[in-house]
Structure formats: C-alpha cells, structure tokens
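Please look through the sequence and the structure shown below before reading on. The report that follows takes up a few parts of the chain in turn.

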Amino acid sequence: MKNIPIILMGCGGVGRQLLQHIVSCRTLHANKEIHLRVVGVCDSKSFLVVPDVLSMEFNDTFLTKICQIKSSNLSLQTCVESGKYEAFPYPESTKKITDIAARLAFTLVDCSASSETIKVITHAVNLGCCAVLANKKPLTSSMEEFDNLFLQPRRIRHESTVGAGLPIIASLNRVISSGDTIFRIIGSLSGTLGYVMSEVEDGKPFSEVVKAAQALGYTEPDPRDDLSGMDVARKGLILARLLGHRMDMDSIKIESLYPDKMSPNKMSLKDFLANGLPLLDNDIEERIKKASSNGNVLRYVCVIENSRCKVGIQELPKESALGRLRGSDNVVEIYTRCYNKQPLVIQGAGAGNDTTAAGVLADILDLQDLFS
C-alpha cells in the first residue's frame, strides 16, 4: 500500500469538500493500493497536526468533524483534543509546516484564497515535497516568485486553478509537449460571467441577471468581485505563463463591467445593488443589440494571442462553441497548428466546490509515483 501524507491549507468550501472526497473514496483508493494520510490541516488562524507525522494521521471520523466545525464558521482550535493533536497559531504554523517538510515528503494542498502561501509552498517543494493548488494567487504573484516556485515543476499540479476540474491545463501541457504550436486561446473562464452574459442575451436587464446570479450563489457576496474581471485575469495569467509568456497582472488589459466610481472603496454594496447596478443596463443592452445585428452574441472572455492577454466582452459568432454557451459552464477554444480551422474545445462545469475538489483529488493521485 502506497501511503501519501497530506497537509491541507484552507478549510473553506473546496477544502472541506476535498476532505469529504478523501473519506468517501477510501475503498476506491484501497483497490488502487493507495492511502491518503491526512496529517495536518490549516485555516487562516491555526494549524492542527498529529503529534507524530511519520506514523499517525487524522482518522475519518475526525476529518468529518473538521468539516462540520468549519461549516459552522468555527476555528480549528475547537477541534483540539487534549494529548491527541497539536495546534499552532498563524504565523507559527508556516514554520511548523517547513519543519515537517525537512523530515517528511508530503503533498501540500492549497485550497485557501491567500496570497501569502507561496513562500511555504516554495520551501516545501524545494525540500522534496509536492504541491497541489486550487488557489490561483501563488501562481499570479511576481515572475521571480513564480520562477522560484517552479524550479521543480514535476512536483507541482494546479489543474483546479483554471476551470475547476476541467482538463484545461493538462490538455495544454500535452499540446506543448507534442511540439504543436499554440497560436490563440479564447475562453469563457468564469461560470458567473458566463451565466450573466447568456441570460442578458434573452433580453433580461443586466442588473436583474446579476441579482439573480447572486441569489443562486453564483457570485461572490459582493458581485463586483466577479464583475471586475480580476478572477478571469488571474486564470488568463496562469495560462499565459504556461505558454511561456513572461508577464504580470499589470500586462493584462482588463475590462471591468462597472466604472471606477462604483468600486467597493467608493460605493457601498447596498448602494451599488440598489442604485449603481441599474445604471449599467442601457449600455449592456445597446451592446447586445449591436452584436445581434451582426449575427453575433456577447461573451466575457479571456484572449491570449501574440504574447498578449486581454479580458473583457467580445462579439462572437452564435454558432461557435463560445456563442452556444449557456449557463455557468466554462468553454475554452485552443487554436494550434494541428487544431487550426477546428479548435480543440474543452467545455463543462467550471465552477463549484464539488467539481474543484474532485480536480484537486485527481491532481494528488497524479503525483503518486513520487511517493514510495
């Protein structure tokens, strides 16, 4: 039986779902002679770890308890049982993880939303550990930090940073490894904005569609986090760097769907939803009419071409894969020497805790050959 020790950073929706997947897949993994041994779990305030990481692990009952406690927005400190587990406060937790990495090869899984995890991930990988990321922020840091992180690329997987569980990064890596030349990537990489743009196409006011998306749980608590385009830009930067383009966020042209005067530091969420958002309806409606007169539809997309990356609304043919997009699916079209007139199209659910966590779990197992 191959044992893979795991330390999880982040107990939000994706992190909790990952723990549930690990527990529910025990029989499946046992049939493959693999055992995922969770030895530590972090939230933003503390790090809970077994006393002996070389031989101990959190049992499935305790992993389920962690999920229940974090679902109630309680701290991991609530899980501490005297003598059974050790707890370390942040930032002491990052030093503890590095200390463990010096004596145990494990997989460090980042399901957080923190921009501060890159240092501990880099240290752990350089000490011989592996890393699996659902968190986009370490991959969109400075080029220097990115280069340091990928000194040992075979030890890192990050499929779930773009398109949740969709095989976008794996497909790009296969195309690159084949020697095929990638000319252009265009994709709808936000389930939220994909839903919004396909709904307004039916004549519904932009403001009402955004509020409906919020009610359905598609948006962040403040929809401007989605409407700003920053999340799509981060995904675009990850793909651009994968293609070898040395660029930072400042290099990406980003179209926000609201003006600066409506930004969170200038307008409250309540005021934005009640008074700001309806002011955007007419502009979107006019753009839809113009696109329709040209036989096209509007989609919020990321385009990578000629060493440039841009994010925003574009007119696209109705019958293209992106033009046919409905709901919250992600769609990516990849144009290469081999896939020229008919692009390689990847489509499916590109959001959701379940889908993202499944992608993370698949990445963990993909690294199994690096463990004895």
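Strand 12 and strand 13 (residues 344-349) run antiparallel and are joined by six bridges, where strands are DSSP runs of type E with at least two residues, helices are runs of type H or I with at least four, and both are numbered from the N terminus. Two strands are said to pair if DSSP finds at least two bridges between them. This is a predicted model, in which local features need pLDDT of at least 70 and side-chain atom pairs count only at pLDDT 80 or more, while totals for chains, interfaces and linings use all residues. Residues are numbered from 1 along each chain as its sequence is written, and side-chain values use heavy atoms, with hydrogens and water left out.

Strand 12 (residues 329-336) is also joined to strand 8, again by six bridges and in an antiparallel direction. The table gives one bridge partner from each pairing.

| Residue in strand 12 | Partner | Strand of the partner |
|---|---|---|
| Ile-334 | Leu-344 | strand 13 (residues 344-349) |

Seven of the eight residues of strand 12 are buried, so that the strand is mostly covered; buried means under 20% relative accessible area, exposed means over 50%, and partly exposed lies in between, with a 1.4 Å probe and protein chains only.

Helix 12 (residues 269-276) has Phe-272, Leu-273 and Gly-276 as its buried residues. These residues lie on the same side of helix 12 because they cover an arc of only 125° around the axis, the arc being that of the directions from the helix axis to the C-beta atoms. An α-helix has 3.6 residues a turn, so residues three or four places apart point the same way. Among the elements that cover the buried residues of helix 12 are helix 9 (206-215) and helix 10 (224-227).

Where does Arg-287 lie, and which residues does Arg-287 contact beyond its neighbours within four places in sequence? Arg-287 belongs to helix 13 (residues 281-293) and is partly exposed, with a relative accessible area of 27%. Once the neighbours within four places in sequence are set aside, Arg-287 is in contact with Glu-255, Leu-298 and Ile-313, contact meaning heavy atoms within 4.5 Å.
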